[in-house]
Amino acid sequence: MTDSDPVAGGGAPAVDPRGWALPRTVGLADLGPLAEPISEHNGQAVAVRPLTDHPGWLAKLYRPGLHQEDGHRIDLLISAPDTLPETERATLYAGTCWPAARIHEPGNPAVGCVIPMAPEQYRSELRRGKFSERRFLEIDWLAKSDESIRGVGLPRPGFEGRLTACRQLTELAAILEGLGLVYSDWSFSNAFWSPEQRSVYLIDVDGCQPKKMPDIHQPNWADPLTPPGSDADQYTDRYRLALLVAKCLTGRRDASTFHGVAASPWPNQPAVSEVLLDMLLATDRERRPAAAQLNQALNNGPYLRAVPRPTRTPLPQLPPVQAPVLRPQPAPHAIPESPTVTRISTVEEKQKDATGSSTKWIWVLAFVVILVVIIASNH
Amino acid sequence: MSLCLPTYVVIDASSSMKPHEAVLNATLSRLHYNLATNPRVSEFARVSVVAFSTDVHVVIPMSDMEQVPSMPEVICGGGTEYGKAFDQLRQSIEQDVSSLRAQQYSVLRPAIFFLTDGAPTDARWRDSFRTLVDRNWPRHPHVIAYGFGGARRDVLKEVATKALFIADGSDTESALSGAITGLLNTLIASSQTGQMQIATDVKGFEYVQVAQEYVD
């Protein structure tokens, strides 16, 4: 393949339903003027710059040193949605910044790629004290309590809002998995969330690779069964996706997330807990259920688990200082207005309760005996 | 276990900072806003704010900044006693690291961001400093120093164990703003990688490489 080889469409400009007008491979000079960067030195990109002549589109320019193979990989990604059914293609285009064109220049097949700008609905006003700022809202926020979310002036998602976002995340993950692509970068920083629309938008998808790719390390997202230095694959993705969904559903970020999932607080999605626990705790990484399975469970469907059941590692220990609250989110349609405190009795308290109860019975028994004696004596 | 970086923002609140008090407080409030509205950073970097002058005050004990409703106001005045600040920091680190570990965090080496506009007015500050950064103490912190106004480069070269930033002639108020932005960028970068990543490009400051950086 040469730099200017068409990848699909037999040389004709590909028709992109999102409105990208130029071919799928385009020279840097053909893009027209680039506006000031909206982001610099972020991950694999040296800059992300709006295309002045193509409103709504960005040039993501990579660090130097990418190879011919990267050009092939980007071409593969750009054409991958062509193989999808119409509905999945529409979902992928609406929910991700899927690349539309590879940018090349002489001697460099992969200068970057053209991606759509994230829709405006993913910007929100965050207020705290006398400061406020309108910015893209990362899905980070969904892994916080409703109270925290409301504390910065955002509408509280409630369980329905969390569920809707997680359904979309897993739908996108299932499409990627179906395409045989590894994302590796499932984490808080790579998805935007719209509290108003209850939707999510995945970014940095141009980094996807077929089958396996270098494991992108992010603190607190390490897959315990993917050894450091080894590649990430679909099983790594499944673990990270489950972790993200568990955090967003429960609104928690630490070990209590796992306990929240284990408490199965979702009566209308009875299989979700089991799927998530298998994805997170299966001792054999290849027994982790697929993203589509999780999506099905989130959509109130069953979990068709292979037998024998995968064995699981124990739940992680809870921090001793912060008391466990095993109520991640209220059940749908039962959202209390004020926080409820779950009080767990201690052993002594239970014994005390039991003692108090038996004392009552002794008094009742004594009263009955006296009554019987009085009745008997009157006869 | 979640990774956690105990972070100490140490502010010089001596009388030389009095004319810049309003900017100092506004800058601290902005730091609070940025941390409190960035869950990933506030989860990773637990922050304590310490102000020092003739005495030392823990303005905010080690906290998730999202849980802190607002930043208290700092009133400046007094001398510039580095020693008391270093003593307090050693004591705080000892307590805070234990507390974070008890909460099952995987605790990284603490980071001190030391912002000063003056030279120390106490004679024996070096003893306190040596105790603080003693490499035989397993919890010895990294020190990143930002000097502006009347701060002395030679002194701060002794204090900085990780990175040193010296104001390039910009006024104190711009320097304060630049230092806090640099600090914030360092925390954001560090939260992305899970290890200390110093943002060396700080507006209004010259980045000075530390001669003998402490490497863990």
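Predicted model: local features only at pLDDT ≥ 70, side-chain atom pairs only at ≥ 80, totals over all residues.
Figure 1. Of the 379 residues in chain A, 40% are buried. Nine helices and 14 strands are assigned in chain A. When contacts in chain A between residues at least 6 apart in sequence are considered, 63% join residues at least 24 apart.

**Figure 2. Open six-stranded sheet of chain A.** The strands follow the order E1-E5-E6-E4-E3-E2 (chain A), and their pairing is mixed. Strand E1 (25–27) and strand E2 (39–42) of chain A are the edge strands; each has a single partner strand, so one side of each lacks a neighbour in the sheet. On average, and with direction ignored, neighbouring strands of this sheet are turned by 30 degrees against each other.

**Figure 3. Pairing of E1(A) with strand E5 of chain A.** Strand E5 covers residues 101–105 of chain A, and E1(A) pairs with this strand in the parallel sense. Three bridges connect the two strands. A:Val26 has A:Ile103 of E5(A) as its bridge partner. E1(A) is also an edge strand of the sheet, with a single partner strand.

**Figure 4. Packing of helix H4 against helix H8 in chain A.** Two packed helices are described by the angle between their axes and the distance between the axes. For helix H4 (residues 158–178) and helix H8 (residues 291–298) of chain A, the angle is about 155 degrees and the axes are 8 Å apart. Because angles over 145 degrees count as roughly antiparallel, H4(A) is roughly antiparallel to H8(A). The two helices, H4(A) and H8(A), cross in the left-handed sense.

**Figure 5. Residues in the contact of H4(A) with H8(A).** H4(A) contributes A:Leu163, A:Cys166, A:Arg167, A:Thr170, A:Glu171, A:Ala173, A:Ala174 and A:Glu177. From H8(A) come A:Ala291, A:Ala292, A:Leu294, A:Asn295 and A:Leu298. By class, the residues of this contact are eight nonpolar, two polar and three charged.

**Figure 6. Contact between chain A and chain B.** Chain A provides 22 residues to the contact and chain B provides 19 residues. On the side of chain B that touches chain A, the elements giving two or more residues are helix H1 (21–36), helix H2 (39–44) and helix H6 (172–193) of chain B. The residues on this side of chain B comprise six nonpolar, nine polar and four charged.

Technical notes
Residues numbered from 1 in each chain as written. Chains lettered and ligands numbered in written order. Contact = placed C-beta atoms within 7 Å. Helix = DSSP H or I, 4+ residues; strand = E, 2+ residues; numbered from the N terminus. Nonpolar A, V, L, I, M, F, W, Y, C, P; charged D, E, K, R; others polar. Buried ≥ 20, exposed ≤ 12 C-beta atoms within 10 Å, placed from the backbone. Pairing = 2+ DSSP bridges. Axes fitted to C-alpha atoms, helices over the stretch in contact; angles between N-to-C directions. Parallel < 35°, antiparallel > 145°, perpendicular 65-115°, else oblique. Left-handed = near helix turned anticlockwise from the far one by under 90°.
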